[in-house]
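Me: I've got this one open on my screen and I'd like to go through it with you. Let's take it piece by piece.

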Amino acid sequence: MGKNGKAVICVSTREATLKKHLRRHLKAMGFHKTAEGVFAPPGAGKDVIRTNHSIQRYDRLAMNQKFISERFSTLIKYFASGKDIDVARISPVLQRISSDTWESELFRLAALTWSVPVSNGFGRRLRYLVWDNHNGKLIGITAIGDPVFNLSVRDNLIDRDARARGERLVNIMDA
């Protein structure tokens, strides 16, 4: 009991500090508290999403600056420009890529061009380049990987307990 006779709730200093930093970060991004006390984004359009991810994107670009400056001039030739594209003749082909290849570097560079940063993933991850067979140029990337195993929001929504989750997430991947 506290001095005023009310129960005192002990909160981990580390947890409280983390929550404080997270709230401050969300407010700086324009999030606001709803009447229910939930943080809501400042809007729902693509521009809002891009803006909200811009700090993370710039951080990721800064962390990869050496890679970009060393590999950009070699890899840019694989990207299609407007004059390379004949919409009527696009013929997509998937190429699975392996780590430590020039194709994995191309995947990395392509991922760095997106306005919403791409996660490096975790666990099993299969990465693919999407080529236009018509012109031999890169037209996309995609990846599939392990789903988040412990995700209580999902599990509660579909009424799944830990045993069922373990049984059902064994042979599943997220795209």
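## Loops, charges and patches

Me: Before we go on, which atoms do the side-chain values use?
Reply: Bear in mind that this is a predicted model, where local features need pLDDT of at least 70, side-chain atom pairs count only at pLDDT 80 or more, and totals for chains, interfaces and linings use all residues. Residues are numbered from 1 along each chain as its sequence is written, and with hydrogens and water left out, side-chain values use heavy atoms.

Me: Is Asp100 buried or exposed?
Reply: Buried means under 20% relative accessible area, exposed over 50%, and partly exposed in between (1.4 Å probe, protein chains only). Asp100 has 81% relative accessibility, so it counts as exposed.

Me: What phi does Asp100 take?
Reply: Most residues other than glycine have a negative phi. Asp100 isn't a glycine, yet its phi is positive, at about 60°.

Me: Which loop holds Asp159, and what is its phi?
Reply: Asp159 sits in the loop between helix 5 (152-157) and helix 6 (162-168). With a relative accessible area of 71%, Asp159 is exposed. Asp159 is another non-glycine with a positive phi, here about 55°.

Me: How many salt bridges does the structure hold?
Reply: A salt bridge here is a side-chain nitrogen of Lys or Arg within 4 Å of a carboxyl oxygen of Asp or Glu. The number of salt bridges in the structure is 6.

Me: How many residues apart in sequence are the parts tied together by Arg71 and Glu105?
Reply: The side chains of Arg71 and Glu105 meet in a salt bridge, 2.6 Å from N to O. Arg71 lies in helix 3 and Glu105 in helix 4 (residues 102-112), so the parts that this pair ties together are apart in sequence by 34 residues.

Me: Are Arg71 and Glu105 buried or partly exposed?
Reply: Arg71 has 22% relative accessibility, so it counts as partly exposed. For Glu105 the relative accessibility is 25%, which means that it also counts as partly exposed.

Me: Are Asp155, Arg154 and Arg160 buried or exposed?
Reply: Asp155 and Arg154 are both buried, with a relative accessible area of 3% for Asp155. Arg160 has 17% relative accessibility, so it too counts as buried.

Me: Which residues form the positive surface patch?
Reply: Patches are made of residues with over 30% relative accessible area and no salt bridge; like charges are joined within 9 Å, and nonpolar side chains (Val, Leu, Ile, Met, Phe, Trp, Tyr) within 5 Å. Lys and Arg count as positive and Asp and Glu as negative, while His and the chain ends are not counted; a charge is placed at NZ of Lys, CZ of Arg, CG of Asp or CD of Glu. The positive patch consists of Lys20, Arg23, Arg24, Lys27 and Lys33.

Me: Which element gives the largest share of the positive patch?
Reply: Lys33 lies in strand 1 (residues 32-33), and at 53% relative accessibility it counts as exposed. Lys27, at 54%, counts as exposed too. The largest share, 4 residues, comes from helix 1 (residues 13-28).

Me: How far apart are the end C-alpha atoms of helix 1?
Reply: The expected span of a helix is 1.5 Å times one less than its number of residues. Helix 1 has 16 residues, so it should span 22 Å, and its end C-alpha atoms agree with that, being apart by 22 Å.

Me: Which residue just after helix 1 takes a positive phi?
Reply: The phi in question is about 100°. The residue is Gly30.

Me: What is the area of the nonpolar surface patch?
Reply: Ile85, Val87, Ile90 and Ile139 make this patch. Ile90 lies in the loop between helix 3 (65-75) and strand 3 (92-97) and is partly exposed, with a relative accessible area of 37%. Accessible areas come from the Shrake-Rupley method with a 1.4 Å probe, and for residues only the protein chains shown count as cover. The patch comes to about 340 Å².

Technical notes:
Helix = DSSP H or I, 4+ residues; strand = E, 2+ residues; numbered from the N terminus.
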